[in-house]
Amino acid sequence: MQIDERMLKKLLAMNDEQLGQMIQKIAAESGIDPAQLGINPQNIESVRSALGSIGEDELQYRITAFVHFFDLP
């Protein structure tokens, strides 16, 4: 999965509900049970803040680590 700076900006421009739904959709399409993520209205702002504070390289590193953690192809 490649998320570039343009995609990241689009994600961050979404409202909280849209961002949460998109994260859950990406997770589901990646083979992860969205319920495991624990995304909810109470923590979506911290997710948004974390996404907005890291660069593209760090984001790719974290996605790779996440994929390996869940043992995804």
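Helices here are DSSP runs of H or I with at least four residues, numbered from the N terminus. With that in hand, let's walk through this predicted model, starting with a pair of helices and ending with the charges between them.

Two packed helices are described by the angle between their axes and the distance between the axes. For helix 2 (residues 16–29) and helix 3 (residues 44–52), the angle is about 75° and the axes sit 10 Å apart. Angles of 65 to 115 degrees count as roughly perpendicular, so helix 2 and helix 3 get that label. On the helix 2 side, the contact comes from Asp16, Leu19, Gly20 and Ile23, while helix 3 brings Ile44, Glu45, Val47, Arg48 and Leu51. Sort those residues by class and you get five nonpolar, one polar and three charged.

Now for the charges. Side chains of opposite charge can pair when their charged atoms come close. The structure has two salt bridges. One joins the side chains of Arg48 and Asp16, at 2.8 Å from N to O. Since Arg48 belongs to helix 3 and Asp16 to helix 2, this pair ties together parts 32 residues apart in sequence. The other salt bridge links Glu45 and Arg48, at 3.9 Å from N to O. Those two are three residues apart in helix 3, which means that about one helical turn separates them. Through shared partners, the salt bridges join Asp16, Glu45 and Arg48 into one network.

Note on methods:
Residues numbered from 1 in each chain as written. Predicted model: local features only at pLDDT ≥ 70, side-chain atom pairs only at ≥ 80, totals over all residues. Heavy atoms only, no water. Axes fitted to C-alpha atoms, helices over the stretch in contact; angles between N-to-C directions. Parallel < 35°, antiparallel > 145°, perpendicular 65-115°, else oblique. Contact = heavy atoms within 4.5 Å. Nonpolar A, V, L, I, M, F, W, Y, C, P; charged D, E, K, R; others polar. Salt bridge = Lys/Arg side-chain N within 4 Å of Asp/Glu carboxyl O.
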